[in-house]
Amino acid sequence: PSVPDFLKELSERVLVFDGAFGTWVQDRDLSAEDFGGPDLEGCNEYLVITRPDLVAEMHAEYFDAGVDAVETATFGAFSFVLAEYGLEAEVDAINEAAARIAREVAD
């Protein structure tokens, strides 16, 4: 919905959002290869690049469970955190990919 529609809905009822992306990922028994190699293992945000199918599946599962909206998979997708994995130059690409995946599933 548009912003005015969203605000109208919010004024009339409680909206339910997704959550616990990290916990959802941990339940998937992923390998280092899923993350892009051993040096990137544990960088959940990079999954939007290496496993966009998995991130899309997560969003779809939340919608199937009845949420009103999903958030992007970008909890730690900023340069300070991504620098731990040498991915600080990928901030824009990661955030854009995460937004694209969430938008495609929402549509």
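The model is predicted, so local features need pLDDT of at least 70 and side-chain atom pairs count only at pLDDT 80 or more, while totals for chains, interfaces and linings use all residues. Residues are numbered from 1 along each chain as its sequence is written, and side-chain values use heavy atoms, with hydrogens and water left out.

Begin with the whole chain in a cartoon view. Seven helices and zero strands are present; helices (H or I, at least four residues) and strands (E, at least two) are DSSP runs, numbered from the N terminus. The C-alpha trace spans about 45 × 25 × 20 Å along its principal axes.

Next, display the surface. Its accessible area comes to about 6500 Å², with 53% belonging to carbon and sulfur atoms (Shrake-Rupley method, 1.4 Å probe). Of the 107 residues, 35% are buried, meaning under 20% relative accessible area with a 1.4 Å probe, protein chains only.

Now select the charged residues, with Lys and Arg as positive and Asp and Glu as negative, His and the chain ends not being counted. The mean positions of the 6 positive and 24 negative charges are 9 Å apart, each charge being placed at NZ of Lys, CZ of Arg, CG of Asp or CD of Glu.

Finally, select T74, in the loop between helix 5 (52-65) and helix 6 (79-82). T74 counts as buried because its relative accessibility is 18%. Leaving aside neighbours within four places in sequence, T74 is in contact (heavy atoms within 4.5 Å) with E45, N95 and A98.

Definitions and conventions. Buried < 20%, exposed > 50% of the residue type's maximum accessible area, 1.4 Å probe, protein only.
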